[in-house]
Amino acid sequence: MRRFYLSTTVLFWLLVTAFWTASLWLPTPEESLLLAAEKTYTPAELAKHATAANCWMAIRGGVYDLSAYLPAHPSPPELVVPWCGREATEAYKTKTKGRSHAPFADELLARYKIGTLASDQAK
Ligand code: HEM
């Protein structure tokens with residue numbers, strides 16, 4: 001019984017140490033977001049995500065994976081989906097109707113950032 005108690009205690013502390021060590025290596029959620037935001041995609045990679053179910057857009061230099069959001073977008077899909085896989089800053093700025101999105105849309109957009117668009121030289 002005593003041996004069982006000792007070995008489970010040792011095992012417990014080994015596990016605690018292992019988790020603590022792992023937490024030193026793993027990035028925090030904030031760091032993970034930053035790492036994602038640092039990822040760079042070429043226009044060619046962007047163009048591979050050009051459907052409603054797999055929709056990336058480049059807006060103001062950022063690349064956004066909007067696949068999960070599109071079904072909730074208030075406009076008819078035929079207005080937004082053609083911008084999947086493309087540089088869509090102007091379309092986003094004007095909603096293609098000369099009117100800008102509400103600040104709430106900017107907040108939403110930030111949640112879907114996966115990286116930045118490579119400059120033209122990297123094409
Ligand atoms: C780039 C292509 C896009 C186009 C052409 C576009 C177009 C539009 C249009 C026409 C509306 C008005 C819908 C209505 O009231 O019937 C709208 C609203 C909205 N869109 Fe977009 N959108 C685009 C991308 C996005 C993205 C990427 C987000 C956020 C992740 C977004 C978020 C919203 C929100 C929250 C509204 C409702 C509030 C508002 O009008 O600002 N849209 N969009």
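Trainee: Which residues of the largest nonpolar core touch the most other members?

Mentor: The model is predicted: local features need pLDDT of at least 70, side-chain atom pairs count only at pLDDT 80 or more, and totals for chains, interfaces and linings use all residues. Residues are numbered from 1 along each chain as its sequence is written. A nonpolar core is a set of buried Ala, Val, Leu, Ile, Met, Phe, Trp, Tyr and Cys residues joined through C-beta atoms within 7 Å. The largest one here holds 16 residues, and those touching the most other members are W56, M57, A58 and V63.

Trainee: Where does the largest share of this core come from?

Mentor: Helices (H or I, at least four residues) and strands (E, at least two) are DSSP runs, numbered from the N terminus. At least two residues of the core come from each of β2 (56–59) and β3 (62–65). The largest share is four residues, and its source is β2.

Trainee: What is V63 in contact with, leaving aside its neighbours within four places in sequence?

Mentor: V63 is one of the core residues that touch the most other members. Contact is judged by C-beta atoms, placed from the backbone, that lie within 7 Å of each other. With its sequence neighbours within four places left aside, V63 is in contact with Y41, L46, W56, A58, I114, G115, T116 and L117.

Trainee: How many helices and strands does the protein chain have?

Mentor: Read from the N terminus on, the elements run α-α-β-α-β-β-α-β-α-α-β. The secondary structure comes to six helices and five strands.

Trainee: In which sense, parallel or antiparallel, do β1 and β5 pair?

Mentor: T40 of the chain stands opposite T116 in β5, and Y41 stands opposite L117. Strand β5 covers residues 113–117, and two bridges join β1 to it. The sense of this pairing is parallel.

Trainee: How many bridges join β3 to β5?

Mentor: G62 stands opposite T116 in β5, and V63 stands opposite G115 in that strand. β3 and β5 run antiparallel, and the number of bridges joining them is three.

Trainee: How many bridges pair β2 and β3?

Mentor: Within this pair, A58 stands opposite V63 in β3. The two strands form a hairpin with two residues between them. They pair in the antiparallel sense, and the number of bridges is four.

Trainee: Is R60 buried, exposed or partly exposed?

Mentor: R60 is found in the loop between β2 and β3, and its phi is near 50°, a positive value in a residue other than glycine. A residue is buried if 20 or more other C-beta atoms lie within 10 Å of its own, exposed if 12 or fewer, and partly exposed in between, with C-beta atoms placed from the backbone. R60 has 14 C-beta neighbours inside 10 Å, so it counts as partly exposed.

Trainee: What share of the residues in the protein chain is buried?

Mentor: The share is taken over the 123 residues in the protein chain. Buried residues make up 15%.

Trainee: How far apart in space are T51 and P82, C-alpha to C-alpha?

Mentor: T51 is found in the loop between α3 (43–47) and β2. T51 has 12 other C-beta atoms within 10 Å, so it is exposed. T51 and P82 are 31 residues apart in sequence, while from C-alpha to C-alpha they are apart by 8.1 Å.

Trainee: What is the phi of K95?

Mentor: With 14 C-beta neighbours inside 10 Å, K95 counts as partly exposed. K95 is not a glycine, yet its phi is positive, at about 55°.

Notes: Contact = placed C-beta atoms within 7 Å. Pairing = 2+ DSSP bridges.
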